[in-house]
Amino acid sequence: GMSADEQQLTALPGDTISFVWSGTHDVHTLATESDFENCNKGAMVAAGAQHMHSPFTYTITDEDAELDSLFFACSVGYHCMAGQKLHVSIAKPTSAPVAAPTSA
């Protein structure tokens with residue numbers, strides 16, 4: 001499995017997450033934190049066409065950012081229950097302040 005620290009990540013829209021493994025694993029998404037915490041296999045959806053091939057990459061989209069969090073897990077056997085899962089917190093990009101116009 002993965003340590004508790006390895007099971008959490010913060011990312012920005014446009015960031016790419018790489019899942020790298022050997023052996024039999026895959027990458028699925030879960031829609032809710034409850035499904036993530038409980039490793040609900042019935043709620044797991046393949047994260048992409050290449051979800052069974054390492055390395056698998058996932059790029060955070062602007063649509064993902066509206067969710068605040070993404071949840072990933074391995075659906076093989078009891079891997080999720082053993083800690084092969086990742087909670088990604090989506091950080092909001094900060095924009096540079098715009099200077100107020102000045103009059104001469």
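The legends below describe close-up views of a predicted model.

Local features are reported at pLDDT of at least 70 and side-chain atom pairs only at pLDDT 80 or more, whereas totals for chains, interfaces and linings use all residues. Residues are numbered from 1 along each chain as its sequence is written, and side-chain values use heavy atoms, with hydrogens and water left out.

**View 1. The open sheet of five strands.** The strand order is S1-S7-S6-S3-S4, and the pairing is mixed. Helices (H or I, at least four residues) and strands (E, at least two) are DSSP runs numbered from the N terminus; two strands pair if DSSP finds at least two bridges between them. Strand S1 (8–11) and S4 each have a single partner strand, so one side of each is left without a neighbour in the sheet. S6 and S7 run antiparallel and are joined by five bridges. Phenylalanine 71 stands opposite histidine 87 in S7.

**View 2. Strand S2 and its partner S5.** Strand S2 (residues 16–19) pairs with strand S5 (residues 56–59) in the antiparallel sense over four bridges. Isoleucine 17 stands opposite tyrosine 58 in S5. The covered face of S2 carries Ile17 and Phe19, and the uncovered face carries Thr16 and Ser18.

**View 3. The largest nonpolar core.** A nonpolar core is a set of buried Ala, Val, Leu, Ile, Met, Phe, Trp, Tyr and Cys residues joined through side-chain atoms within 4.5 Å; buried means under 20% relative accessible area, exposed over 50%, and partly exposed in between (1.4 Å probe, protein chains only). The largest core has 15 residues, and those with the most contacts inside it are Phe19, Ile60, Phe72 and Val88. S2, S5, S6 and S7 are the elements that give two or more residues to this core, and the largest share, three residues, comes from S7. Apart from it lies another core of seven residues, including Leu30, Cys39, Met44 and Ala73. With neighbours within four places in sequence left aside, the contacts (heavy atoms within 4.5 Å) of phenylalanine 19 include Val27, Pro55, Phe72 and Leu86.

View 4. The whole structure holds one disulfide, defined as a pair of cysteine sulfur atoms within 2.5 Å. The bond joins cysteine 39 to cysteine 80, with the sulfur atoms 2.0 Å apart. Cysteine 39 lies in the loop between helix H1 (33–37) and strand S4 (45–46) and cysteine 80 in the loop between S6 and S7, so the pair ties together parts that are 41 residues apart in sequence. The torsion about the S-S bond is about -75 degrees, so the disulfide is left-handed. Cysteine 74 is in no disulfide, and the nearest cysteine sulfur, that of cysteine 80, is 8.2 Å away. Cysteine 74 is buried, with a relative accessible area of 4%.

**View 5. The salt bridge between lysine 92 and aspartate 68.** A salt bridge is a side-chain nitrogen of Lys or Arg within 4 Å of a carboxyl oxygen of Asp or Glu, and by this rule the count is one. The closest N and O atoms of lysine 92 and aspartate 68 are 2.9 Å apart. Lysine 92 lies in the segment after strand S7 (85–90) and aspartate 68 in the loop between H2 and strand S6 (69–73), so the pair ties together parts that are 24 residues apart in sequence. Lysine 92 is partly exposed, with a relative accessible area of 45%, and aspartate 68 is partly exposed at 44%.
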